[in-house]
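Subject: Structure for you to look at

Dear colleague,

Here is the structure that I promised to pass on, followed by my notes on what was found in it. Please read them with the model open beside you.

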There are 2 protein chains.
Amino acid sequence: MTPISLTSADDPRIAAFRDVRERDLTGREGLFIAEGEVVLNVLTSAWSRCRARAVLLADKRLAKLEPVLSRLEADVPVYTAPQEVLDGIAGFHLHRGILALGEKPAPLDADAFLATRPERSVLVGAVGIGNADNMGGIFRNAAALGACGVMIDPGCCDPFYRKAIRVSVGAVLRTPLMAGLSALTMVEQAEAYGYVPLALTPGDGPDLLELEPPARSLVLLGAEGPGLSPEVLARARPVRIPMASGFDSLNVAATSAIVLHHLIRR
Amino acid sequence: MTPISLTSADDPRIAAFRDVRERDLTGREGLFIAEGEVVLNVLTSAWSRCRARAVLLADKRLAKLEPVLSRLEADVPVYTAPQEVLDGIAGFHLHRGILALGEKPAPLDADAFLATRPERSVLVGAVGIGNADNMGGIFRNAAALGACGVMIDPGCCDPFYRKAIRVSVGAVLRTPLMAGLSALTMVEQAEAYGYVPLALTPGDGPDLLELEPPARSLVLLGAEGPGLSPEVLARARPVRIPMASGFDSLNVAATSAIVLHHLIRR
């Protein structure tokens, strides 16, 4: 790894890193931008499902990051620049001082994936989760508590948004992801491999604590507010976390933490 | 409730709402700014520990909010303005269209409070939680799952930051708060009333699931990264949520959700 020193924010070699914030929502055709040391660590780890394409960092971070950077493949350029040049490239003050350009993993074939899961395993199905914080939180909880994969429907935001990756502390880069499935397709796919679909709902349904964890389950999580549709609720087993009096609801990421802990750790 | 219509962002009557974002971190001597309908709902509810001083909202929101606004005391002014004037006052685009100025509750006397808790109750002790998202998440989980109160040490951010209140969906405004206690003082105070201090740690310690919930417990949560100090860990019962292989840790708010669910709902 030989760092390439930059002196200008207009250097064409780092065009992919330019104006990161404005371009966060436009997509990059199979690529993503990630930021920070924790995430770079995951991206270059044995767990990563993604390839790094390039890294851009503040000069002053280089020494400390050498162990991580040395794990990059030899052809991955590492650009360094003074903090102010970096800020000029990114379009805002990049206090973490590290950006990486990565390739999203190839789409996962749900059948091939589900056929090879362990006998006991839990899937997460995210439906209409449009908030990047919540999406990142769900991935972090899935990875920390040991869910085997995440399914998302077309109503979800892209988990590869910079913010979702950051909130997930890199979990998005290592967790098997099946995208573009409707909630009902998730249920059908999962059931074909013996996963019991569980629908988290603030309404009726048995208390989570009364649920003996099935060997295989799919945890369906809807957006706060609308929740899961009646069609999905009718096709899955409803489960509820009782709330204290006078309080409306848990955040959806917090809900995922409680449910995954119950299903996987108990 | 007779709304007062504003035409200028410079109107002296709404000076407290001016440049909200810049002033978020400077404090307002016992006052706070809250935003959004959900939070206004809590502020004006029977559960609120805080008094509203004034409300400022976009003209177009008035009709829908009348039921909530009618719960305000008669002397609380409700200012309305076109969205662009509102944005000029706040200093950014206020897409929620609602700001409230409120009074923080009087400091709670920990002894008087703890002496009157139910026989079974759980306290949260936040230590060095500097991130407003995490602080808001902890309060939301505490309220949703039924913790009786939150203690915070001087290393925590102010739970009455606009962002923390928003993330808490108003839980900050209704949850009994004891501030300015060191972690060791929290332990001493709580133990005096029979609360078992539990220290969440990613390191050694028995699995949370092996812990038979005590009738009364204090859940101590440290910041991600530094965690709780060795002195605090030595004075409390360590408890751990095991992580899946290769993954570092849960977010502290997610941790609070799992622990409170175990202690209160089981």
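In chain A, helix H6 (residues 132-145) packs with H11(A) at an angle of about 15 degrees, their axes lying 9 Å apart, where axes are lines fitted to C-alpha atoms, for helices over the stretch in contact, and angles run from 0 to 180 degrees between N-to-C directions. That makes H6(A) roughly parallel to H11(A), given that angles under 35 degrees count as roughly parallel, over 145 as roughly antiparallel, 65 to 115 as roughly perpendicular and the rest as oblique. Helices (H or I, at least four residues) and strands (E, at least two) are DSSP runs, numbered from the N terminus.

The crossing of H6(A) past H11(A) is right-handed; a crossing is left-handed if the near helix is turned anticlockwise from the far one by less than a right angle, and right-handed if clockwise. On the H6(A) side the contact (heavy atoms within 4.5 Å) involves A:Asn134, A:Gly137, A:Ile138, A:Asn141, A:Ala142, A:Ala144 and A:Leu145, and H11(A) contributes residues including A:Val252, A:Leu260 and A:Arg265. By class these residues are nine nonpolar, five polar and one charged, where Ala, Val, Leu, Ile, Met, Phe, Trp, Tyr, Cys and Pro count as nonpolar, Asp, Glu, Lys and Arg as charged, and the others, Gly among them, as polar.

Please bear in mind that this is a predicted model, in which local features need pLDDT of at least 70 and side-chain atom pairs count only at pLDDT 80 or more, while totals for chains, interfaces and linings use all residues. Residues are numbered from 1 along each chain as its sequence is written, chains are lettered from A and ligands numbered from 1 in the order in which they are written, and side-chain values use heavy atoms, with hydrogens and water left out.

In chain B, H6 (residues 132-145) and H10(B) pack at about 15 degrees with their axes 9 Å apart, and their crossing is right-handed.

Between the chains, the axes of H11(A) (residues 252-265) and H10(B) (residues 252-265) come within 8 Å and cross at roughly 50 degrees. That makes H11(A) oblique to H10(B). Their contact is made by A:Ala254, A:Ala257, A:Ile258 and A:His261 together with B:Ala254, B:Ala257, B:Ile258 and B:His261, and by class it has six nonpolar, two polar and no charged residues.

Chain B can be laid on chain A with an RMSD of 0.0 Å by a turn of 180 degrees and a shift of 0.0 Å along the axis, the superposition being by least squares on the C-alpha atoms of residues with pLDDT of at least 70 in both. The two copies are thus related as by a two-fold rotation axis. Of the interface residues of chain B, 100% are also interface residues in chain A, so the copies meet through the same surface.
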